[in-house]
Amino acid sequence: MSKSVSPEARARYWRKNLSVLAGLLSVWFLVSHGCGILWVDQLDKIRIPGTGFKLGFWFAQQGSIYVFVVLIAIYVLVMNRLDRELLGEDDE
Amino acid sequence: MSVQVWTFILVGLSFALYIGIAVWSRARSTGEFYVAGKGVPSLANGMATAADWMSAASFISMAGLISFMGRDGAVYLMGWTGGYVLLALLLAPYLRRFGKFTVPDFIGDRYYSKTARVVAVVCAIFVSFTYVAGQMRGVGVVFSRFLGLDIELGVLVGMAIVFFYAVLGGMKGITYTQVAQYCVLIFAYLVPAIFISILLTNQPIPQIGLGAEYAVDGAKQGVSLLDKLDGLSTELGFATYTDGSKSTIDVFFIAMALMVGTAGLPHVIVRFYTVKRVRDARISAFWALLFIAILYTTAPAVAVFARTNLLQSIPGIAYEKAPGWFKNWEDTGLIAWVDKNGDGKIQYDGSGAAFVGKPTGKDGPDARPARSAGGERLWDNAPTANSNELYIDRDIMVLANPEIAKLPSWVIGLVAAGGLAAALSTAAGLLLVISTSVAHDLVKKTFHPDITEKGELIAARIAAGGAVVVAGYFGINPPGFVAQVVAFAFGLAASSFFPAIILGIFSKRINVYGAISGMVVGILFTASYIIYFKFINPADNVPENWLWEISPEGIGTVGMILNFIVAIGVSLATPRPPEAIRTLVDRVRYPRKAMAEEGS
């Protein structure tokens, strides 16, 4: 069985959890609502070299989705590590 | 072999596969029926979630929508995938730890209120039914267009198949069938896309082909595909494809409403209960989004390919020289042409709709409009004054895409099997939510707490069976409001469910009064805005009359913000929730073993 977990360790775990979420969701917002919507016309003035993509268009229809996949991958890795830190090597 | 024979073979094979899987994996307990005994591996669960998530609309309609909207179509791409991120980060792991079967379970326990639970059940059932009716309709449409069956017969076949494996197999049967359905649908989506990408850009990967150089018969043309399409579009008087036409604020609010609304869809949340541990729930969320992203990044490429092919081949061509697919799809009313200037050529330009409303007419011998001397179908609709002569249904862009690109007939049959896989997988997931809501949340938790496990399983099966029949009925006789409501279900979910769940997890201070008044205010505001502009006074539905230029599609975001404000305000003004709720919230926040010292 796992060692017992102090309330302080739990509070630390939750604070870290919240800051991970804040970081990931900021990127989520900047990429989709920022690059894909708010700044799309400015970004469209730039072209991705070697392709026909205007940068804003690419973010709106391709790039944001790739970033979403990466965000969840980071979340999985970071949270699984946090769980291990809280509980020792043995997790749930 | 002809297209029909190929379609029968491929659709038949895929159905046999689904039924075989259902028999092999049928459920024996309520645990297996509701959540597949929590024993599904993460990778399989990811595929099943992706199939569940991608509906008939994603498969059949999305690329078409984008190809007519240009850059603005990104609201669907970002909305539906970005919503998945919210779900995976903010909801799934916590609800999984909570460890019960349904979202109403969480709402009912967290807000210590039977009323809240019943309200949540009713919302879940309502959202699920509007969705499932759309899926059944999708099944009927695929059958009728590819196999020449009546839509009614098509819906009945679809009902029989879903009935078989949802009622028999429950979540376990559905999950493993959905794994197979994902493979079928993604293969069916990618094969034509890859073929066409090679034809148009010499580039086998559609996502790269989208940004590559335009080519004819393998010879590069010195201009990128997107520039080529922009040129074709403006030449014909359409908006530039890669520019937006909606206002930025409207796009912003629509995308947000779609994201938040998607995160609240009950049939996807329940998927995270089917894995063993929270860690597996997170990993399967990653697999699911990866599998979803494969289709969602291909869709904009398909949209551009189809649009380019269409604008290259049709405008200005004489009707008798029009390709075979043009005339085939004319028979279904998805393409309609009216020769306004009498020159026998098909004029297609950006001057507006060719005529009023969707094509109708039943004068001919085969319950279809009669043909003129020139051969085209004659429609009852009044022509408009502009120069555009062509009506094209957006669904064509995916369904007829292989024919437009002259691909072999087995590819066309494959698209039919893929469309059916997408529709059936989503329908089955939704039916399960309905049956779980009825058997577990209503019968067991509300009316008959002492029901036995066996009795609950029977109730769940009866509810699933009843739901199939009701959904089939709506599929055959779609009430006019269904199409309208589906489009707004996201806004309604965004303004009601989402804040209640989020606040329930991330705040210990929110109490039952705050949660309920927030939900009521959010959904009332959103629903009245939508009902006013869509049903009571459609003539007023123009940007000048909208609140801050936000269309009814995007208003759910405002409803959600109101919900948050009201819920927090009312909670702060009323007593704290009981101590037991604080423990419940802790149980949702921390891994179970971290709570061991308190004996929970």
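Welcome! With a relative accessible area of 38%, B:Cys183 is partly exposed. Please keep in mind that this is a predicted model. A:Cys35, in contrast, is buried, at a relative accessible area of 15%, a value that falls under the 20% cut-off for burial. A search of the whole structure turns up zero disulfides over all chains.

**Aromatic pairs**

- Over all chains, the structure holds 14 aromatic pairs.
- One of them brings together A:Trp14 and B:Tyr94, with ring centres 6.0 Å apart and planes at 75 degrees, so this pair counts as edge-to-face.
- This pair joins two chains, because A:Trp14 belongs to helix α1 (residues 7-38) of chain A and B:Tyr94 to helix α5 (residues 74-98) of chain B.
- Both partners, A:Trp14 and B:Tyr94, are buried.
- B:Trp53 and B:Tyr84 also form an edge-to-face pair, because their ring centres are 4.9 Å apart and their planes stand at 80 degrees.
- Here the contact ties together parts that are 31 residues apart in sequence, since B:Trp53 lies in helix α3 (residues 42-53) of chain B and B:Tyr84 in helix α5 of chain B.
- B:Trp53 is buried at a relative accessible area of 8%, and B:Tyr84 is buried as well, at 0% relative accessibility.
- Elsewhere in chain B, ring pairs link B:Tyr182, B:Phe286, B:Trp287 and B:Phe291 into a cluster.

**A charge over a ring**

- B:Arg307 places its charged end over the ring of B:Phe68, at 4.9 Å from the ring centre.

**The second largest pocket**

- The volume of the second largest pocket is about 390 Å³.
- Its lining is made up of 19 residues, and those closest to the centre of the pocket are B:Leu199, B:Leu200, B:Asn309, B:Ile404 and B:Lys406.
- Four elements of chain B each give at least two residues to the lining of this pocket: α8 (151-201), β1 (213-216), α13 (278-313) and α16 (401-404).
- By class, the lining of the second largest pocket has 11 nonpolar, five polar and three charged residues.

**Cavities**

- Three cavities of 30 Å³ or more are found in a search of the whole structure.
- The second largest cavity holds about 80 Å³ of space.
- Residues that line the second largest cavity include B:Phe59, B:Tyr189, B:Val302, B:Met397, B:Asn401 and B:Val415.
- α8, α15 (396-399) and α16 of chain B each supply at least two residues of the lining of the second largest cavity, and α8(B) gives the most, with four.
- Which classes of residue make up the lining of the second largest cavity? The lining has 10 nonpolar residues, one polar residue and no charged ones.

**An enclosed helix and the residue after it**

- Helix α6 (residues 103-110) of chain B is largely enclosed by the rest of the structure, because eight of its eight residues are buried.
- α6(B) is followed by B:Tyr112, which has a positive phi near 35 degrees.
- B:Tyr112 sits in the loop between α6 and α7 (114-147) of chain B and, at 32% relative accessibility, is partly exposed.

**Loops and backbone angles**

- Most residues other than glycine have a negative phi.
- B:Asn202 has a phi near 60 degrees, a positive value in a residue other than glycine.
- The loop between α8 and α9 (206-209) of chain B contains B:Asn202, which counts as partly exposed at 34% relative accessibility.
- Is B:Tyr319 buried or exposed? At 4% relative accessibility, B:Tyr319 is buried, and its place is in the loop between α13 and α14 (324-331) of chain B.
- B:Tyr319 and B:Lys345 are 26 residues apart along the chain, while 5.6 Å separates their C-alpha atoms.

Technical notes:
Residues are numbered from 1 along each chain as its sequence is written. Chains are lettered from A and ligands numbered from 1 in the order in which they are written. This is a predicted model: local features need pLDDT of at least 70, side-chain atom pairs count only at pLDDT 80 or more; totals for chains, interfaces and linings use all residues. Side-chain values use heavy atoms; hydrogens and water are left out. On a 1 Å grid over the protein atoms alone, a cavity is a set of points where a 1.4 Å probe fits but cannot get out, and a pocket is an open set with protein on both sides within 12 Å along at least five of seven lines; lining residues have an atom within 4 Å of a point. Grid points are joined across faces, edges and corners, and a volume is the space filled by probe spheres set on the points. Ala, Val, Leu, Ile, Met, Phe, Trp, Tyr, Cys and Pro count as nonpolar, Asp, Glu, Lys and Arg as charged, and the others, Gly among them, as polar. Rings of Phe, Tyr and Trp (its six-membered ring) pair if their centres lie within 6.5 Å; planes under 30 degrees apart count as stacked, over 60 as edge-to-face and the rest as tilted. Buried means under 20% relative accessible area, exposed over 50%, partly exposed in between (1.4 Å probe, protein chains only). A charge sits over a ring if NZ of Lys or CZ of Arg is within 6 Å of the ring centre and within 35 degrees of the ring normal. A disulfide is a pair of cysteine sulfur atoms within 2.5 Å.
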